[in-house]
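Here is a short briefing for a first look at this chain. Keep the sequence and the model in view as you read.

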Amino acid sequence: MIHDFRVRWYQRAFHEALVTGSHDRLIEVAHRRWGKDEIVLNAFRNISRQRIGTYWHCLPEYAQARKALWTAINAHTGKRRIDEIFPPETRKVTREQEMFIEFNWGSTWQLIGSDAYDATVGAGPVGIAYSEWALANPSAWAYHRPMVEESKGLAVFITTPRGNNHAKAMFDMAKATPRWFAELSSVE
């Protein structure tokens, strides 16, 4: 059973843009504990049923992906976050070592790190999310972009603000580009 997921009022615009497909490029800059990963993970679970393909969730470092999402326990429920979002009964295959899931409906989802982006050669994802984009290696997107473009895929960038860097440059570009959804969510 999929856990009870509710979109909070301040997450609605981003969530709607993501799940309706109104934009195929999105960037959300928001404070800690805003729920950025939760929104994307739940959306990718649902989107992966509608469009069968490969989906990735990329953190700055591969080891960080394991700690932050694969083995992390939800403090409110006592359950692994990954098992709440992608319950075992929805899975055909789970490869713990690779942080890889194949769903019953045919799509796959995997955690990767921007520190090893070149290990993803030839995969052709239809959806990729970069978590903590401001800390990620920007070369990862340069490497993955042709794959996502070729598959007419979805790219999502979520991050906590970290000053004047590649994430800010992307956000500024996205605000001026109709193809993109760009939102800055402050603590207010």
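Among contacts between residues at least 6 apart in sequence, what share joins residues at least 24 apart? The share is 69% in this chain. The model is a predicted one.

**Overall build**
- The chain holds six helices and eight strands.
- Along the sequence, they follow the pattern α-β-α-β-α-α-β-β-β-β-α-β-α-β.
- A compact globule of 188 residues would have a radius of gyration near 16 Å, and the chain agrees with its 15 Å.
- Along the principal axes, the C-alpha atoms fill a box of roughly 40 × 40 × 30 Å.

**Burial, surface and charge**
- Of the 188 residues, 48% are buried.
- The chain carries 24 positive and 21 negative charges. Their mean positions lie 1 Å apart.

**Strand S1**
- S1 spans residues 25-30, and six of its six residues are buried.
- In a regular strand, side chains alternate between the two faces of the sheet.
- Arg25, Ile27 and Val29 point one way from S1. Leu26, Glu28 and Ala30 point the other way. Both sets are buried.

**Partners of S1**
- S1 pairs with S7 (residues 154-159) in the parallel sense, over five bridges.
- S1 also runs parallel to S8 (residues 180-185), joined by six bridges.
- Valine 29 has a bridge partner in each: threonine 159 in S7 and leucine 184 in S8.

Methods. Residues numbered from 1 in each chain as written. Predicted model: local features only at pLDDT ≥ 70, side-chain atom pairs only at ≥ 80, totals over all residues. Heavy atoms only, no water. Helix = DSSP H or I, 4+ residues; strand = E, 2+ residues; numbered from the N terminus. Rg over C-alpha atoms; globule rule 2.2 N^0.38 Å. Buried < 20%, exposed > 50% of the residue type's maximum accessible area, 1.4 Å probe, protein only. Contact = heavy atoms within 4.5 Å. Lys, Arg positive; Asp, Glu negative; His and termini not counted. Charge placed at Lys NZ, Arg CZ, Asp CG, Glu CD. Pairing = 2+ DSSP bridges.
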